[in-house]
Amino acid sequence: MKDIRRRQSMGKEPVVSLVIPVYNSARYLRQCLDSVTGQTYKNLEIICVNDGSADDSPAILEEYAREDGRIRIFSRENEGKGTASARNLGLENASGEYIQFVDSDDFFEIDMVESLVGKAVDTGSDVAICAGQAFDDEKQCVTGRLPHPDLYYAPDMEAFSWKDCPEYICEIADNYAWNKLFRRRLLTDHGLSFTPIPISDDQDSSMIAPIVAERVAVVDRALINYRVGTGTSQCDSRTRHPEAAYEGTLSVVKRLKELGVYESVKQSYLNVAWPYACCANILTG
């Protein structure tokens with residue numbers, strides 16, 4: 001963390017870009033923004049992308065931007081295809097050395113960014129992965145650590161590559177972007193972005209980035225409070241869009257084959273993607 005703190009004190013450009021897609025999130029947005037602006041790590045730019053919200057979300061964003069100069073607001077028309085386009089717009093406008101994509105209905109432990117960026121810098125990693133815990137919106141309480149990603153399978157090393165654990169790399173990475181800090185150049189240099197589909201839009205970035213990364217590290221703590229039971233999250237929408245899971249999985253398989261690693265990581269990816277029963281034929285083919 002010494003190098004990061006030195007850069008902070010020197011007033012350098014933001015080291016970490018947080019990208020937050022916002023679509024009709026007024027009910028949860030203040031809690032999300034409070035947990036972001038209150039991070040112990042201060043050298044942030046906070047990119048909020050208003051994705052055509054029809055509620056009070058734009059007004060809340062403007063309110064917070066007036067109070068915190070790190071917040072930058074972008075607005076776009078909603079295409080009805082999930083968060084991908086908003087995330088991509090944030091990626092295009094990010095300037096940080098590292099980037100993290102978080103959701104506007106979640107909230108975060110106060111040292112989330114400090115823990116992830118510290119781990120990434122200390123180990124020279126391109127991707128740092130943490131765990132999350134489920135927050136039940138109806139009960140208003142944490143109900144337990146999420147089963148995925150499964151960091152139990154991470155090698156007992158400060159940092160590793162997929163070659164150190166080809167049989168488990170996909171369980172460690174899993175299909176989510178919200179629990180990962182990426183070196184921004186890793187995404188841009190490899191053309192990794194988000195697929196414009198209702199769900200599973202983050203499979204490419206989440207699965208492929210840890211495989212093309214030279215070094216990956218994990219922080220085995222639940223740093224993200226993932227809200228469930230709202231009826232609007234991607235997790236809640238999964239059964240309504242089985243074709244999107246199929247499309248996302250097909251894209252990952254294609255990329256893995258192009259990288260020449262598919263046969264090496266096939267079983268690991270099958271373990272992760274198997275719940276999407278509609279995808280089984282392309283995984284086993």
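Me: Buried means under 20% relative accessible area, exposed over 50%, and partly exposed in between (1.4 Å probe, protein chains only). Which of these terms applies to glutamine 140?

Reply: Glutamine 140 counts as partly exposed, at 49% relative accessibility. The model is predicted, so local features need pLDDT of at least 70 and side-chain atom pairs count only at pLDDT 80 or more, while totals for chains, interfaces and linings use all residues. Residues are numbered from 1 along each chain as its sequence is written, and side-chain values use heavy atoms, with hydrogens and water left out.

Me: What share of the protein chain counts as buried, and how many helices and strands does the chain have?

Reply: Helices (H or I, at least four residues) and strands (E, at least two) are DSSP runs, numbered from the N terminus. The protein chain has 12 helices and 9 strands. Of its 285 residues, 56% count as buried. Contact means heavy atoms within 4.5 Å; among the contacts in the chain with a separation of 6 or more, 78% are between residues 24 or more positions apart.

Me: Where does glutamine 140 lie, and what is its phi?

Reply: Glutamine 140 is in the loop between β6 and β7. Its phi is near 55°, a positive value in a residue other than glycine. Strands pair if DSSP finds at least two bridges between them. Here β6 (residues 127-136) and β7 (residues 141-145) are antiparallel and share 4 bridges. The hairpin has 4 residues between the strands, and aspartate 136 stands opposite cysteine 141 in β7.

Me: What does the span of helix α5 come to, and which of its residues are buried?

Reply: The expected span of a helix is 1.5 Å times one less than its number of residues. With 12 residues (112-123), α5 reaches 17 Å from its first C-alpha to its last, close to the expected 16 Å. Its buried residues include Met112, Val113, Leu116, Val117 and Ala120. Glycine 124 follows α5 and has a positive phi, near 65°.

Me: Why is helix α4 described as largely enclosed?

Reply: In α4 (residues 84-93), 8 of the 10 residues are buried, so the helix is largely enclosed by the rest of the structure. Arg87 and Asn88 are among its buried residues, as are Leu89 and Leu91. The cover over the buried residues includes β1 (16-22), β2 (44-50), β3 (71-75), β4 (98-101) and α7.

Me: How many salt bridges does a search of the whole structure find?

Reply: Side chains of opposite charge can pair when their charged atoms come close. A salt bridge is a side-chain nitrogen of Lys or Arg within 4 Å of a carboxyl oxygen of Asp or Glu. The search finds 15. One of them joins arginine 221 to aspartate 111, with the closest N and O atoms 2.9 Å apart. This pair links distant parts of the chain, 110 residues apart: arginine 221 is in strand β9 (residues 216-228), and aspartate 111 is in the loop between β5 (107-108) and α5.

Me: What does the salt bridge of glutamate 158 and lysine 119 tie together?

Reply: The two side chains meet at 3.6 Å, N to O. Glutamate 158 lies in the loop between β7 and α6 (169-173) and lysine 119 in helix α5, so the pair ties together parts that are 39 residues apart in sequence. Glutamate 158 is exposed, at 53% relative accessible area, whereas lysine 119 is partly exposed, at 22%.

Me: What separates arginine 185 and aspartate 189 in helix α7?

Reply: They are separated by about one helical turn, being 4 residues apart in α7 (residues 184-189). Elsewhere, Arg27, Asp137 and Arg227 are linked in a network of salt bridges.

Me: Is serine 57 buried or exposed?

Reply: Serine 57 is buried, with a relative accessible area of 0%, and belongs to helix α3 (residues 57-67). Leaving aside neighbours within four places in sequence, serine 57 is in contact with Val22, Asn24, Ser25, Ala26 and Leu29.
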